[in-house]
Amino acid sequence: MKKVLIDCDPGIDDALALALAAGSPSLDLVGVTTVGGNVDLSLTTANALALREFLQLGDVPVTPGMAGALLHRTVRADHVHGATGLGDVVLPAPTRGPSPGHAVDFIVETLAAAPGEITLVAIGPLSNVAMAVRREPRVVTWARDIVIMGGSFSRGNHNPAAEFNMLADPEAAAIVFEAGWTVKQMGLDVTLSALVTADVLDRMRPLGRLAELLVPGATSYGVVTAEGGPAIHDACAVAYVLDPSLFTLAPAVVNVETAGTYTRGMTVTDFKATPEGTNALVATALDVKGFWDLMLGAYEGLAAR
Ligand code: BDR
Ligand code: CA
């Protein structure tokens, strides 16, 4: 079993990433922490709580964390994910609340209790992870691995330079990349090939109750066509933990721009750096067919439970 702690801001693609985790028996989800990101923290937490019950995640703790960025003004993506953060998806209201305490403490204490065992998967702005690094620098050695969805070596999506999770808290992202671990970075370069096409949507439709999350989630997140559709960015980070062979990775030095007038949040990536000096393994290619086989297999297994 691979133990993972998922830090997220649900978010439609966060929801589909949590569904992948829920449908993957080889993953042991030890906790979900929430961060303000796509929408406000109160909504990302409410969505995580609703998803915990809808996806039958049992008593996995859901712990809220940072409401906003470490230094700068709040940036949201409700124009992409809708006012609630889950687009046209309507889930039953959760019957149980969040765990007491703060996500930053939860991350520190959970990693401290099982050094070398738990992979941290961060699929929202990196405010919680950066605060955990600052609060207890040993989290860097306690984490088995750190996998993020964020950034890109080629382009942005929130603006031409910056991907949303990086732009939403560039200082936090800089702290995480500079912390001393090797960040496994699933950026737009690969996540923009993880598209819900018409064929994928056709395989989601018959999945009963689970389809009530997957189908309105996908269709309110983008226009689905035979060749294109919305990118399920965040699921790439969970898929990497499940099957790293789906991804091609290259060592690089990644620096996060925190000062540029037009480039704040840009991940400046140097693939020519010497291996000793690198701080990241950057995903450069994705086996798209293998990715959807993994995703749909997990969803079909979850729907059949
Ligand atoms: C990332 O930004 C958010 O809108 C998504 O949930 C994903 O984590 C993609 O740029
Ligand atoms: Ca996200």
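**Chat about a ligand shell and some helices**

Visitor: Which residues are closest to ligand 1?
Guide: Gly11, Asp13, Ala77, Phe164 and His233 are the closest of the 15 residues that surround ligand 1, counting a residue if its C-beta atom, placed from the backbone, lies within 6 Å. This is a predicted model, where local features need pLDDT of at least 70, side-chain atom pairs count only at pLDDT 80 or more, and totals for chains, interfaces and linings use all residues. Residues are numbered from 1 along each chain as its sequence is written, while chains are lettered from A and ligands numbered from 1 in the order in which they are written.

Visitor: Which helices each supply at least two residues of that shell around ligand 1?
Guide: Helix 1 (12–22) and helix 7 (164–168) do; helices are DSSP runs (H or I, at least four residues), numbered from the N terminus.

Visitor: New topic: which residues are buried in helix 4?
Guide: In helix 4 (residues 103–113), they are Ala103, Val104, Phe106, Ile107, Thr110 and Leu111. Buried means 20 or more other C-beta atoms within 10 Å of a residue's own, exposed 12 or fewer, with C-beta atoms placed from the backbone.

Visitor: Where do the buried residues of helix 4 fall, seen down its axis?
Guide: Within an arc of 165 degrees, so they line one face of helix 4; the arc is that of the directions from the helix axis to the C-beta atoms.

Visitor: And which exposed residues are on the face turned away?
Guide: Ala112 and Ala113.

Visitor: What does Ala235, Ala239 and Leu242 in helix 12 meet?
Guide: Phe291, Leu294 and Met295 in helix 13, where contact means C-beta atoms, placed from the backbone, within 7 Å.

Key:
Two residues are in contact if their C-beta atoms, placed from the backbone, lie within 7 Å.
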